[in-house]
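Hi,

Here is the structure I said I would pass on.

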Amino acid sequence: MHHEVIPEPATSELTSQLADLVDANQILFHQGILDAFGHVSVRADYDSEKFLLARNLAPALVGESDIQEFNLDGETADSRAVYLERFIHAEIYRARPEVMAVVHSHSPVVVPFSVVDVPLRPVMHMAGFLPQATPVFEIRETLGTGSDLLIRDARSGKALADVLGSDSVALMRGHGAVTAAGSLQAAVYQAVYTEINARTQADALRLGTCTYLTGEERKATAATMATQMGRAWNMWRTQARARNSSPAAG
Ligand code: MN
């Protein structure tokens, strides 16, 4: 017996990207990477010169109707309020054609590494994507000693993208971090595990001298985890959706 297979209506890529971007916002909030601030974006599937980012709103409150479309100059036709630091995303997408998603966070355990002379380095197999020594963006080199440390224009966004170079993560002195990846799931994974690696490295340094991954270990562990990170995404998404639908979540 054969049952005729009725094809489901094709879900547009935009719809799927919007849903994933909402999930990414929720995951990053529930994992403690974003609080009321910080943001996550994805390059539009339908136009590589466009990216999608929520309007000026706390990530935990973002739904599909809150997503705006931007060009690489950080401009949108949407009249609602925009994130001041949208130029972080615009300039990284401009500089890195292979990057499909960007997270900017004030990830709390990461920030200390942006203000001391100890570089954030990969100490564990889950964080092989980290640079051997994570670069730190010093905004004073672009805006002098009197700025509010925010990336408010294309010029400071480009300076940050220059410091990121071809790396996956850069820190922003006294502010936070940015991570760039070839997929939204990878960017979320990197944002979460940058925080976990920072905590682990800080804990280890309090105990004694720290051993870091070699360049070859970084490559090998990153290649392995690239095949496994969907498991984390599915769990984090399930948790975030459950908390959002629970009355206790308030
Ligand atoms: Mn910020």
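Strand 4 (101-105) and strand 7 (residues 176-181) run antiparallel and are joined by five bridges. Across that pairing, histidine 104 stands opposite valine 178 in strand 7. Two strands count as paired here if DSSP finds at least two bridges between them. Helices (H or I, at least four residues) and strands (E, at least two) are DSSP runs, numbered from the N terminus.

Before going further, the ground rules. This is a predicted model, in which local features need pLDDT of at least 70 and side-chain atom pairs count only at pLDDT 80 or more, while totals for chains, interfaces and linings use all residues. Residues are numbered from 1 along each chain as its sequence is written, and side-chain values use heavy atoms, with hydrogens and water left out.

In general, strands of a sheet pair through backbone hydrogen bonds, either parallel or antiparallel.

With strand 1 (residues 39-43) it pairs in the antiparallel sense over three bridges, and a hairpin of six residues joins strand 1 to strand 2. Arginine 43 has phenylalanine 51 in strand 2 as its bridge partner. With strand 3 (residues 67-71), strand 2 pairs antiparallel over five bridges, and leucine 53 stands opposite glutamine 68 in strand 3.

What about the aromatic rings? Rings of Phe, Tyr and Trp (its six-membered ring) pair if their centres lie within 6.5 Å; planes under 30 degrees apart count as stacked, over 60 as edge-to-face and the rest as tilted. By this rule the count comes to five aromatic pairs. Phenylalanine 51 and phenylalanine 70 have ring centres 5.3 Å apart and planes at 15°, so this pair is stacked. It links distant parts of the chain, with phenylalanine 51 in strand 2 and phenylalanine 70 in strand 3, 19 residues apart. Both phenylalanine 51 and phenylalanine 70 are buried. Phenylalanine 51 also forms a tilted pair with tyrosine 93, at 5.2 Å centre to centre and 35° between the planes. Here too distant parts of the chain are linked: tyrosine 93 sits in helix 2 (residues 86-95), 42 residues from phenylalanine 51. The relative accessible area of phenylalanine 51 is 0%, and tyrosine 93 counts as buried at 1%. Elsewhere, ring pairs link Phe129, Tyr189, Tyr193 and Trp236 into a cluster.

Which residues does histidine 89 touch? Histidine 89 is found in helix 2 and is buried, with a relative accessible area of 0%. Leaving aside neighbours within four places in sequence, histidine 89 is in contact (heavy atoms within 4.5 Å) with His39, Val40, Ser41, Phe51, Leu53, Val102 and His104.

On to helix 7 (residues 229-245). Its 17 residues reach 24 Å from the first C-alpha to the last, close to the 24 Å expected at 1.5 Å a residue; the expected span is 1.5 Å times one less than the number of residues. Met229, Ala232, Trp233, Trp236 and Ala240 are buried in helix 7. Seen down the axis of helix 7, these buried residues fall within an arc of 100°, so they line one face of the helix. The arc is that of the directions from the helix axis to the C-beta atoms. On the face turned away from the buried side are the exposed residues Arg231, Thr238 and Ser245.

Threonine 134 lies in the loop between strand 4 and strand 5 (136-137), and is buried at a relative accessible area of 4%. A polar atom of its side chain lies 2.8 Å from the backbone oxygen of leucine 120. Setting aside neighbours within four places in sequence, threonine 134 is in contact with Leu120, Val169, Ala170 and Leu171. Leucine 149, in the loop between helix 3 (140-143) and helix 4 (154-164), has a phi near 70°, a positive value in a residue other than glycine. Leucine 149 is partly exposed, with a relative accessible area of 22%.

Cheers

How values were computed. Buried means under 20% relative accessible area, exposed over 50%, partly exposed in between (1.4 Å probe, protein chains only). A polar contact is a pair of N or O atoms within 3.5 Å; within protein, one must be able to donate a hydrogen and the other to accept it, and residues adjacent in sequence count only if both atoms are side-chain atoms.
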